[in-house]
Amino acid sequence: MHRTRPYLAHCVLWLCTMTTFAAPLAAQDKPAAPAPQEAARSAYARGVEAFSAQSFSLAYEQFLLAEQAFPSPNIELMLGRTLAKLGRYVEARTVLQRAQAGSSSPKYANTAQLATAELAAVDQQLARVELEIGDPHGD
């Protein structure tokens, strides 16, 4: 009976040691979450790949993830293009206008030009109604 006590004490000591050191080690095994800019870059690359493969639903999801992680006019341009390819022209117009407005920096000059061209193409797909209200007095 005396033999079980040292064995039990040994087991308790081992269990305490493992609990103390295993939790920090397990935490170290988990990779750190990527920085928002890196997450956006990765999602953007997957979106471009999907867009090139004409998988527009997947491209939309990836560009949306990229925009949520780290908004940029380039991401919005591609998101707008993708929405247009999906036939969601009203949403595409809104996103492309944001891309155009956010492209005021010289760094995004090309993006601004492309957004303007994409907006013109989207506008051709949208129906417009113009109302002209005449003079109610008949003058």
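User: Helices are DSSP runs of H or I with at least four residues, and strands are runs of E with at least two, numbered from the N terminus. At roughly what angle do the axes of helix H3 and helix H4 cross?

Analyst: This is a predicted model, in which local features need pLDDT of at least 70 and side-chain atom pairs count only at pLDDT 80 or more, whereas totals for chains, interfaces and linings use all residues. Residues are numbered from 1 along each chain as its sequence is written, and side-chain values use heavy atoms, with hydrogens and water left out. Axes are lines fitted to C-alpha atoms, for helices over the stretch in contact, and angles run from 0 to 180 degrees between N-to-C directions. On that basis, the axes of H3 (residues 56-69) and H4 (residues 73-85) come within 9 Å, and they cross at roughly 155°.

User: Are H3 and H4 roughly parallel or antiparallel to each other?

Analyst: Angles under 35 degrees count as roughly parallel, over 145 as roughly antiparallel, 65 to 115 as roughly perpendicular and the rest as oblique. The axes cross at roughly 155°. The relation of H3 to H4 is therefore roughly antiparallel.

User: Is Glu76 buried or exposed?

Analyst: Buried means under 20% relative accessible area, exposed over 50%, and partly exposed in between (1.4 Å probe, protein chains only). Arg98, at 37% relative accessibility, is partly exposed. Glu76 has 11% relative accessibility and so counts as buried.

User: How many residues apart in sequence are the parts tied together by Arg81 and Glu118?

Analyst: The side chains of Arg81 and Glu118 form a salt bridge with an N to O distance of 3.0 Å. Arg81 lies in H4 and Glu118 in helix H6 (residues 109-125), so the separation in sequence of the parts they tie together is 37 residues.

User: What relative accessibility does Asp123 have?

Analyst: Asp123 meets Arg93 in a salt bridge (2.5 Å, N to O). Arg93 lies in H5 and Asp123 in H6, so this pair links parts 30 residues apart in sequence. Arg93 is partly exposed, with a relative accessible area of 23%. Asp123 also counts as partly exposed, its relative accessibility being 23%.

Methods: Salt bridge = Lys/Arg side-chain N within 4 Å of Asp/Glu carboxyl O.
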